[in-house]
Amino acid sequence: MSLSIQEPGTPARVDAGRVSYRLLDRSLSSMMAEAAELRDAGHGRLVTYSRKVFIPLTQLCRDVCHYCTFAKAPRKLDAAYLSAEQVLEIAQAGAAAGCKEALFTLGDKPELRYATARQYLADLGYESTLEYLCAMASLVHRETGLFPHLNPGVMAPHEIASLRRVSVSMGLMLESVSERLLVPGGCHHGSPDKVPAVRLATIGEAGRQKVPFTSGILIGIGETRRERIDSLLALRDLREQHGHLQEIIIQNFRAKPGTRMSSAPEPDLAELQWTIAVARILFGPEMTIQAPPNLSSGGTSALIGAGINDWGGVSPVTPDHVNPEAAWPGLDDLAEDTAQSGKLLVERLAIYPEFARADEDWIDLSFRSPVLQAVDADGLPRTDGWSPGGVALALPAMAATPGFVADRSFDLLLNKAAKGADLVEAEVFRLLAARDGEVGEVADAADALRLNVNGDAVSYVVTRNINYTNICYFKCRFCAFSKGKTHEHLRGKPYDLALEEIVRRAAEAWDRGAVEVCLQGGIHPDYTGQTYLDILTAIKSECPGLHVHAFSPLEIHQGAQTLGLSISEFLSRLQAAGLGSLPGTAAEILDDEVRADLCPDKLNTAEWFAVVDAAHRLGLKTTATMMFGHIDKPVHWAHHLLRLREQQLRTQGFTEFVPLPFVHMEAPIYLKGDARRGPTWRETLLVHAVARLALHPHIPNIQTSWVKLGADGTAACLGAGANDLGGTLMDESITRAAGAGHGQEMTPAAMERLLDRLGRPSRQRTTLYGEAPEERSAASFAHLP
C-alpha cells in the first residue's frame, strides 16, 4: 500500500494517532506478547546483525545536542578529519576481521561552524564535508570491497544523489518529532539540524531517490510516550509512501559525563521494552526493529522478548564511537545469548535482503554485481568462499552455535516428512530456510529417510555423455556451453559432430562397459526432428543393447515443431527408433518468474511439463533436475519441488531427482554481473536433503553431481539424503565449459574407492535402477580412464 504523507491534523493522520494512542493504555506484557508474535511471523527464528567497522570521519559538528560526546571542538581533536590513509587503515583492519560494512559516522556540516573544517577541506580540494565523505566511501569500497553505509546527517537532494553512488545504504535518526526539545532547556536547543521537519524532509527525499535507509528514535531525552508514537507514525508514513526504510532503531539515551544531560535519568528496561513493542505493533511483522545490544543492561533476552529482530552493527575491531563507554559484545557471546532466547544469530549486509535481491533501482549499478556476489539466495552474506565447481576450497563447517536450542515445531515438521506426509509449500520453504544447528537436523533426517528407503548402498551408472553440438540459437543467459552469435567470446569453438562420430563414441562406450549413452546438445538451427531420429537409428543399429537416454524436453519440443507433429506423435517415433528414456534437463527453475529472465526464449514451465507428461504416458521414464543458485530464491525451489511431486503423483514417471548447483565461473549471466556465484554450501546441502524429505515417498532416488561438487561435496550429500552418484560420464562438456574443475570422468574404480572411504557399499545400476549385468560391470573395470 502506498499513502501520501499526511500533514499533522489531517483526518488520516488523526485516525492513525487515535488508534495508536490506545497503546498508551495497554499493559507491557500484552504488548510484548503481541510484538513477539508479529516478529516471529515476519522473521521466524532469525535475529540479524551487521559485522561492521566504524569510521568516524569527523567529530566536528555544528549542532550542540546536550547528550552527545561524539561531537568535539577542534581544540580537542588532533585533526579536523581522518585522513585518507587513516580511513583506509581502519577499513583494511575491518576487512581483515571479516567485516562487510564500513559505517561512516560524522558530525553535521561542521564547515558551516568551524574555520578549521573549512581550511582542512580546502587544502584537500573539497568544498564540503559530504563531498569528502563521497570520496572516502568510494576509496574504501574500491580498495577493500567493504560496503559503505553512510550516516551523513541532514542532506540536500543533490548530496543524497552523490552519496547514493558510493554507498549501499544511508541513515539518519529522526530521534523525535517533538518541537519542545528545540526550546531553551531542551536537548536539541541550538541544533538546527535536529528540527523534525528538516530531518523528515531528508528521510523523505532519500525515499524519493530510492535509497535503502535506516532511521529510528532516541528515547529518554525529554519526550513523552505519546510523542514517541507520533515519531514512529511519521516514519511509518514515509515508509508507506516510499518503501525505503530498512529498519527502525529504538535507541535508549545514556547519560554521559561532561554533557549537559549527565545527571538526566536514563530510561529503564521496561521503558525500552515498551517502545520496542510499540514500534513492532505499529510497523508490523516484516519491518526490522533494532535495538543496540551494548546499550542495555537488561540482557538480550529482554529485548528479543519485546519484538526486535536485529542487533544493528557490531564491530570486532572498532569501538562504538558514539557510545564509547559501552563496549560491543563479543560475536560468539552474542550468538550464544541469542540462542538462549530460541533464536539464531545470522549476519546481514548494510543493505537488507529485500533490497539486495530487488532490481537495480535500489542501489547504484556499480554495486549491483558486488552485492550479488556477496549474498546467498536469502540476500544474507555468504560467509565462506565455497562455490560449486571450484577445487581449491575445503567444504565449510556446518557446526551449530554453542547454546543452539532446537525448535520443537521444526522437529515435528521433520517427523512429518519422514512419515511420508506431503508437505505444503510453507513447510518446504521452512526446511530450505534452515540455518545454524537446523541444517544438521535436516541433513540427519534426510539421511535416516534415505537409509530406510534405499538402504546403505550407493548406486551409479556406467554411461557416456555425448554432446553432439554446442551450436544453439537459444539465448539462455546461464549457458557457457552454447555457441551462437552472443557466445563467441566464451571458451571453446563451435562444433557439430558427424553422425559417424556419434556412433563411434557410442560403440566405444559399449566396449568400455557402458549400459547407456546420454545424448544432449544445443538446438542447432539446421537440426530437425529427423536429425534426432537418424541419431537414434544409427546408434541402435551399431549397439542394439545400449540404452539411449536422450534429448531434453527442449529438444523434443523443437523436434516436434520442425516435423509438424504433436509432442506425443514425435515421442512415439523416437520410441520406435530406440529411445529408452529422457533426461529431465532444460528445467532450470520451473517457475516462470525466474525463466522470463534466465532463459526467456526457452520452454515455459507448462511446456516443459507437457513434454514430460507425454513421455510418461507413453511409458518413457525421465529424470528431473533443478539448476539453482543464480537469480532464484528458496521460494522458487519450493515451487519447483512441489510441481515435480504433483507430476509424479499423476504419472509416476520420474526415476530420480538431480539437484544441479549453478556453476558460475564462465556463465554469461554471471560475467555480466547479474547472478550470484552459485549456491552456498549450506544451500547445496539443504536442497539435496529437503528434496529427499519433500519428494518422499514419490521420487525414491536423489542423485548428487560429482562433476559440480567434487569428491568431498558428493560424499557430504550422500550423508544428507542422496543415494546415487549419477554417471561415470567419460566425456563431460557442459559443466566443464561453465568453469568447473572436477574433471570429465569418474571411473567405476574411482567411484568405488570414494564409497569405500565412506564405508558405503556400491551398486552398478542400469538407467532405470535395475542391476547392471555382470558382463557390463566386468567390462567397465577393464579399461583405463
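Is glutamate 227 buried or exposed? Glutamate 227 is buried, as its relative accessible area is 14%, below the 20% cut-off for that label. The close-up views that follow come from a predicted model, so please read them with that in mind.

**View 1. Arginine 180 and glutamate 227 form a salt bridge.** Let us start with the residue from the opening question. The closest N and O atoms of arginine 180 and glutamate 227 are 2.7 Å apart. Arginine 180 counts as partly exposed because its relative accessibility is 41%. Side chains of opposite charge can pair when their charged atoms come close. In the whole structure, a search finds 43 salt bridges.

**View 2. Glutamate 325 and lysine 256 form a salt bridge between two loops.** Here the closest N and O atoms are 3.8 Å apart. Again, the pair links distant parts of the chain, and the two residues are 69 residues apart. You can find glutamate 325 in the loop between strand E8 (310–314) and helix H11 (331–340), and lysine 256 in the loop between strand E6 (245–252) and helix H9 (269–283).

**View 3. Glutamate 771 forms a salt bridge with arginine 763.** The closest N and O atoms of this pair are 3.1 Å apart. Glutamate 771 counts as exposed because its relative accessible area is 55%, and the label applies over 50%. Elsewhere, salt bridges that share partners join five residues into one network: Arg464, Glu501, Arg504, Arg505 and Glu508.

**View 4. The second largest pocket holds about 1000 Å³ of space.** Rolling a probe the size of a water molecule over the atoms shows where empty space is left. Which residues lie nearest the centre of this pocket? They are Gly42, His43, Gly44, Leu46 and Glu286, out of 36 residues that line the second largest pocket. Several elements each supply at least two residues of the lining, among them strand E1 (46–58), helix H14 (408–418) and helix H23 (634–651). Helix H2 (28–43) is also one of these elements, and H2 gives the largest share of the lining, four residues. Sorted by class, the lining has 15 nonpolar, eight polar and 13 charged residues.

**View 5. Glutamate 500 lies in helix H17 (residues 499–511).** This residue counts as exposed because its relative accessibility is 61%. For a sense of scale, compare its position with that of glutamine 273. Glutamate 500 and glutamine 273 are 227 residues apart in sequence, and their C-alpha atoms are 77 Å apart in space.

**View 6. Three strands form an open sheet in the order E17-E10-E18.** The pairing in this sheet is parallel. Strand E17 (724–727) and strand E18 (762–765) are the edge strands, each pairing on one side only. On average, neighbouring strands of the sheet are turned by 20° against each other, direction ignored. Strand E10 (residues 458–461) pairs with E18 over four bridges.

Definitions and conventions:
Residues numbered from 1 in each chain as written. Predicted model: local features only at pLDDT ≥ 70, side-chain atom pairs only at ≥ 80, totals over all residues. Heavy atoms only, no water. Salt bridge = Lys/Arg side-chain N within 4 Å of Asp/Glu carboxyl O. Buried < 20%, exposed > 50% of the residue type's maximum accessible area, 1.4 Å probe, protein only. 1 Å grid on protein atoms, 1.4 Å probe; cavity = no way out; pocket = protein on both sides within 12 Å on 5 of 7 lines; lining within 4 Å. Points joined across faces, edges and corners; volume = space filled by probe spheres on them. Nonpolar A, V, L, I, M, F, W, Y, C, P; charged D, E, K, R; others polar. Pairing = 2+ DSSP bridges. Axes fitted to C-alpha atoms, helices over the stretch in contact; angles between N-to-C directions.
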